[in-house]
Amino acid sequence: MIAHLKPSSNDPLSVAVRVEAVEKAYRRGRTSTPVLNGVDLTVAAGECVFLAGPSGSGKTTLLSIVGCILTADRGRVQILGEDVLSLDAARRVRMRRDRIGFVFQRFHLIRGLTALENVAVPLRLRGTSSQAASRRARELLESVGLGDQGAAHPQNLSAGQCQRVALARALANDPELILADEPTASLDAANGPEVMKLLRRLTTNQGRTAIVVTHDQRIFPFADRVLWLENGRVVETEQLASPSPAGVGAQRVES
Amino acid sequence: MWTIALKTLIADRGKLATALVGVVFSIVLVNVQGGLFLGFIKKAGLLADCGEADIWVGHKHMTTIDFPQDIPRRWVHRIRSLPGVKRAEPYIIGQTNMSLPSGGFELVVVVGVDRESLLGNAWNVVQGRPDAILRPDGVIIDQCDLEKLEQPKMGEVREVGGRRARIVAFSHGIKSFLVTPYVFTTHERAAAYVQKDPSFCSYYLVQLEPGASPDEVCASIRQRVPQLDAFPRHVYSRISANYWLTRSGLGISFGAATLIGLFVGLVIVAQTLYSLVLDRLAEFGTLKAIGATESQVYRILFLQATIMALVGSLIGLALAAAIQHFFSTPVALIFVPAWLSLGSCGLVLVICLIASLLPYLRIRKIDPVMVLQS
């Protein structure tokens, strides 16, 4: 069963992501290239926020920092109530594994594993038994409409199906936060919106928070809010709907 | 982890096959090369290993079976009188020439046994009878030396040490370490062939009473006759083998060849694992991104290396057993004891695990952010 996470305004965790004055620079030798220059970002629990902007604007870097993959040079990053900059490497790994789900542009499914086994990977990493992991993976595949494709290998699935498997994998450990990096970039015009519809249905509509990096303006209607980044700063916020799950955006997607 | 490790390994069959070739190569090489070496060196102690004596007694400085020092034959009575000794008989080993039909000569090792007990006589006699050496001029030679001795026939007369010798029986598989043909005959005749004083011999072969301790009897012999030394047969066999190992450098040359083979296997396995990892950097990055710990990532590599080692070892052992079955002969004996097979598998497993460290070091450097940036 997929848990329904209901955010509450009284809950201190009702703010899922809080990023304050975050700076990040990539260093190569003595050269330092600033990527984020004092970014502020707050995402409410259950909200679906898109990060848009030109290449090099820092979208993926910001997503990586929120996903505990990168650490910020300066600033404050609070994810799901945890000050992640103070976490050691092992706790950041646990945070990623247990509380955050990732959807990648190129799916990054493991070759040699079936769709079912791919979905079960995060569960197995967490120590879930093989049987329980398979049962949960089967449920998730059914929820993304691939219940009959469990035995299929990624190379035998279409791009849209692969992204759905990747989405099911991201949900395996029932995370509170979903981070998606260009989830529709490798999909055609028909599959892109389909995957986004699914992503909204299985994430924010069930109380999960989602942050999506995208260039694809066709899917903007699926966002509650779109943040524009340029030169490592948020330069514009476009409110498309009141925050889901009760928000207009979510209702529009479902309709 | 097991499923991930196994299935991702099988998914890349080409590379898996390459890695298995490396492991199989190492296992076959260690077992066949090692088996040839052990088979070869085993011949140095063949008379002790396959004879019926429990203890070999010889000169104080006895070093190897085929190069004995003379000892007085009469001292055998002192040994016979010791407790635990059932039988002690003189035994003679010496070298001389055998005439060939072509007019040439071949160096042979003459072995003379006590005519009453025939202790230490040829075994595995396949044509004729072992006691045929009691017949006038009777000698036994081995079938493995037929070519070298220019195809002697049963009953044929040759000259050994300038004296008549009639071939009365053939054994099979008694091949000396020095590839010099053995000629078995009686003690007196052997002394005549090698022109040795018959009142001297090379060894006393001792058989023990049931329950007697070989080590204790050896100690009694040393105490009773301080000019002599005595060893249980397996000990003297090992001493003889060590003599050739240390004096000839055989161990170094065989060992070096085997180590080179192992090294080549190691390089193949390491290179294959490394290229497997290079092909899958994004997948390992994904695993790290979605929460795999360093130890879980290493466990995948560890399991893959173990799978390759085990599967490769099984195939390699089967291949080595087939080679042993079809190609081992008394001349080129391939002797593969269980410890060599198990040891080679253990060694290859260790090598594979060491080989897996190289790609692990590469994986450690993978930043999971690459998955988001690709």
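D174(A) is found in the loop that joins helix α5 (159-170) to strand β7 (177-181) of chain A, helices (H or I, at least four residues) and strands (E, at least two) being DSSP runs numbered from the N terminus. The model is predicted, and local features need pLDDT of at least 70, side-chain atom pairs count only at pLDDT 80 or more, and totals for chains, interfaces and linings use all residues. Residues are numbered from 1 along each chain as its sequence is written, while chains are lettered from A and ligands numbered from 1 in the order in which they are written.

The phi of D174(A) is near 55°, a positive value in a residue other than glycine, and D174(A) is partly exposed, with 18 other C-beta atoms within 10 Å; here a residue is buried if 20 or more other C-beta atoms, placed from the backbone, lie within 10 Å of its own, exposed if 12 or fewer, and partly exposed in between. A21(A), which is not a glycine, likewise has a positive phi of about 50°; A21(A) is placed in strand β1 of chain A and, with 13 C-beta neighbours inside 10 Å, counts as partly exposed.

In chain A, four strands form an open sheet in the order β2-β1-β4-β5, with antiparallel pairing, where two strands pair if DSSP finds at least two bridges between them. The edge strands, each pairing on one side only, are β2 (31-44) and β5 (82-83) of chain A. Strand β1 (residues 15-28) of chain A is joined to strand β4 (residues 74-79) of chain A by five bridges, and V19(A) has V77(A) as its bridge partner in β4(A).

The contact between the chains, counted where C-beta atoms placed from the backbone lie within 7 Å, takes 22 residues from chain B and 22 residues from chain A. On the side of chain B that touches chain A, α1(B) gives the most, with six residues.

How values were computed. Two residues are in contact if their C-beta atoms, placed from the backbone, lie within 7 Å.
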